Amino acid sequence: MKIKNICCIGAGYVGGPTMAVIAQKCPEINVTVVDINEKRIAAWNDENVENIPIYEPGLSKVVEEARDRNLFFSTDVDKAIDQADMIFISVNTPTKTYGMGKGMAADLKFIELCARQIARVSTSDKIVIEKSTLPVRTAEALKNILENTGNGVSFQILSNPEFLAEGTAVEDLMQPDRVLIGGDIDTEKGKEAVQALVDVYAHWVPKEQILTTNVWSSELSKLTANAFLAQRVSSINAMSELCEKTGADVNEVAKAVGMDSRIGPKFLKSSVGFGGSCFQKDILNLVYIAKSFGLNEVADYWEQVITMNDHQKKRFALNIVRTLFNTVSGKKIALLGWAFKKDTNDTRESAAIYVSDYLLNEQADIVIYDPKVTEEQIYADLNYLGTRSEEENIARVTVLSNPYEVCENAHAIAVLTEWDEFKDYDWQRIYDGMLKPAFLFDGRQLLNRKKKEDIGFEFYAIG
Ligand code: NAD
Ligand code: UGA
């Protein structure tokens, strides 16, 4: 089966970059990315390609090449569904904030809405692909909805989880470690659908790196991969606290441990805590699934990864309070970085949000600089917590676009995102403008301790 038209529902951090790369690599396939968010679609279509809504190194170039050639962004969801032979569902699957499974289970209402819309609109056979991260056996629910349309249209459901990381999305999409495709490999139709998707990726991914499995293994592999990755960060963060007590250096420990080829060097960077839209959400989802099968030990094991991460964020903030003579009330604390990692404008679950919340509870005055995050987003993140009124957040939090101004007259600086530019600042100038003692807290192992201490900073780093 040759695919001519692809539709992707959801023009977010996954749908946008993934479809841009598919369109660039498969010029003979028309790719239409649709979203109900009109503002987002308008930004994807902005004449100035630098204004696309997602900041990712290299993305604007890919979009520029393919847009209006065979890559289209639209709010006409029905039309794109109808025309497509292959539909990716790439909508958000946040943690439920209400009802059964509140705070743990994935909220599948957006997925279900998509399935119902596909069922309602389709007039020809389609391959429907779960691109969003979903609980194991979600495909069954999709199948139930799609198979009961009564209009004779037949659907094949595949699972094709995405493993890209933000900040390196384009690189990860161009050279993935593997592409995973789950399908109904026991039937001819299922095999054909899997092959059709394999053929799309085979435009640029070596065949040996395209894995095909059954749907359930594919769905569960995605949750497992994220759980393992997050677990490594929590493991090294647990050791960072022990290092601080014992005089060991967590970087040295990570290096020594990571050189064991069975362990490997990646994802052992201790930090103020992992953030991002997925690690916490996916682990909570895994914990919920395990509990729902009565597997309490399995659930407890994975839940500990989140507990450790919450602890890491909290202890970083408390250390600032303690070091500043047990009070930050009315003191100016400068925060460098708000994004959950460098090279992205995404702030979802960023450690910076929680560190700020603790410091605001202690009545600190917070001044923030991030090279890619807007003031509007920062206030939205704090307001979303609901810890205090919007007016109070406005009164206590200032966002500036000049890092030197942010640090001027500050009692302390905390580095919360590992943006490269922070390393190259004129730290002598920053020191000169601060109140003394000038405290510098590095939550990212980014800055050189010796150089900062030589300038005169009181320097604290994790681990
Ligand atoms: P996102 O919030 O950035 O984008 C989702 C988009 O879907 C939004 O723009 C929203 O308006 C749109 N949408 C929701 N319901 C819709 C509907 N019925 N019709 C049309 N559009 C609709 O989310 P994201 O970060 O792209 O994540 C999407 C999925 O991919 C999630 O399941 C996530 O777990 C998974 N994932 C994310 C990443 C990542 O790095 N962000 C990586 C791998 C997997
Ligand atoms: C992560 C996974 O790496 C992707 O494979 C996956 O597709 C994605 O989640 C998802 O499902 O959403 P992402 O969250 O974008 O990607 O970014 P990561 O590089 O994994 O970083 C996550 C968080 O962990 C960041 O806050 C980062 O600073 C932190 N981290 C990462 C550390 O503190 N130490 C490390 O060694 C690595």
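These exercises walk through the domains, cores, strands and ligand shells of a predicted model.

Local features need pLDDT of at least 70, side-chain atom pairs count only at pLDDT 80 or more, and totals for chains, interfaces and linings use all residues. Residues are numbered from 1 along each chain as its sequence is written, while chains are lettered from A and ligands numbered from 1 in the order in which they are written.

**Exercise 1. Find the domains and describe the side of domain 1 that touches domain 2.**

Step 1. Take the bounds, which come from an automatic or database domain assignment. They give domain 1 (5-213) and domain 2 (215-463).

Step 2. Collect the contact residues. Two residues are in contact if their C-beta atoms, placed from the backbone, lie within 7 Å. Domain 1 supplies 29 residues and domain 2 supplies 26 residues.

Step 3. Name the elements on the domain 1 side. Helices (H or I, at least four residues) and strands (E, at least two) are DSSP runs, numbered from the N terminus. Helix H6 (138-147), strand S6 (155-159) and strand S7 (179-182) each give two or more residues. The largest share, three residues, is from S7.

Step 4. Sort by class. Ala, Val, Leu, Ile, Met, Phe, Trp, Tyr, Cys and Pro count as nonpolar, Asp, Glu, Lys and Arg as charged, and the others, Gly among them, as polar. This side of domain 1 has 16 nonpolar, nine polar and four charged residues.

**Exercise 2. Locate the largest nonpolar core.**

Step 1. A residue is buried if 20 or more other C-beta atoms lie within 10 Å of its own, exposed if 12 or fewer, and partly exposed in between, with C-beta atoms placed from the backbone. A nonpolar core is a set of buried Ala, Val, Leu, Ile, Met, Phe, Trp, Tyr and Cys residues joined through C-beta atoms within 7 Å.

Step 2. Read off the core. It has 82 residues, and Cys7, Ile87, Ile89, Val128 and Ile129 have the most contacts inside it.

Step 3. Domain 1 (5-213) and domain 2 (215-463) both contribute residues, so the core lies between them.

Step 4. Look for another. A second, separate core has 51 residues, including Phe316 and Met434.

**Exercise 3. Which residues cover the two faces of S5, and which strand pairs with it?**

Step 1. Check burial. Five of the five residues of strand S5 (residues 126-130) are buried, so the rest of the structure largely encloses S5.

Step 2. Find the partner. Strands pair if DSSP finds at least two bridges between them. Strand S4 (residues 86-89) runs parallel to S5, joined by four bridges. Ile87 stands opposite Val128.

**Exercise 4. Compare the shells around ligand 1 and ligand 2.**

Step 1. Apply the cut-off. A residue is near a molecule or strand if its C-beta atom, placed from the backbone, lies within 6 Å of it.

Step 2. Take ligand 1. The classes are 13 nonpolar, 10 polar and four charged.

Step 3. Take ligand 2. The classes are 11 nonpolar, five polar and four charged. Domain 1 and domain 2 each give at least three residues to this shell.
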